[in-house]
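Here is a short note to read beside the model. Please look at the structure first and then go through the points in order.

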Amino acid sequence: QKSTSQPDTSGLPKITQLVIEMTCKDLKTIDAHKYWGCINDQIQESKGSPSPDLSSLDRPMSDAIMKSCQFALGLGIENFNGCINENFIALMGGHL
């Protein structure tokens, strides 16, 4: 059952909202229902792909991770969080 009503992303982390917006933005001008469908898919995806908590890192570290994953901003939340996770694990010396 695909939801075609306007989804609400207000409860999501700011960065997740940004990724979802970037991922679906091209559909916004083409087809509102497809756009909302894309947003809904991304919200579902974000539930299965939690964003790592970077709050344990100092600011330059978390900024560096964000920067290195900017390319993934429009590739969907799963790809973006995957990138963040990989960088986070690499920074931690391969251990979470």
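Does Lys25 count as buried, exposed or partly exposed? Lys25 counts as partly exposed, at 40% relative accessibility; buried means under 20% relative accessible area, exposed over 50%, and partly exposed in between, with a 1.4 Å probe and protein chains only.

1. Basis. This is a predicted model, in which local features need pLDDT of at least 70 and side-chain atom pairs count only at pLDDT 80 or more, while totals for chains, interfaces and linings use all residues. Residues are numbered from 1 along each chain as its sequence is written, and side-chain values use heavy atoms, with hydrogens and water left out.

2. Fold. The protein chain has four helices and zero strands (DSSP runs, numbered from the N terminus: helices are H or I with at least four residues, strands E with at least two). Its C-alpha atoms fill a box of roughly 45 × 25 × 20 Å along the principal axes.

3. Burial. Of the 96 residues in the protein chain, 32% are buried.

4. Salt bridges. The structure holds three salt bridges, each a side-chain nitrogen of Lys or Arg within 4 Å of a carboxyl oxygen of Asp or Glu. One of them joins Lys25 to Asp26 at 3.9 Å, N to O; Asp26 is exposed at 54%. Another links Lys28 and Glu21, with the closest N and O atoms 3.7 Å apart.

5. Helix 3. Asp63 and Arg59 meet in a salt bridge of 3.1 Å, N to O. They are separated by about one helical turn because they lie four residues apart in helix 3 (residues 59–68). Asp63 is partly exposed at 34%, and Arg59 is exposed at 62%.
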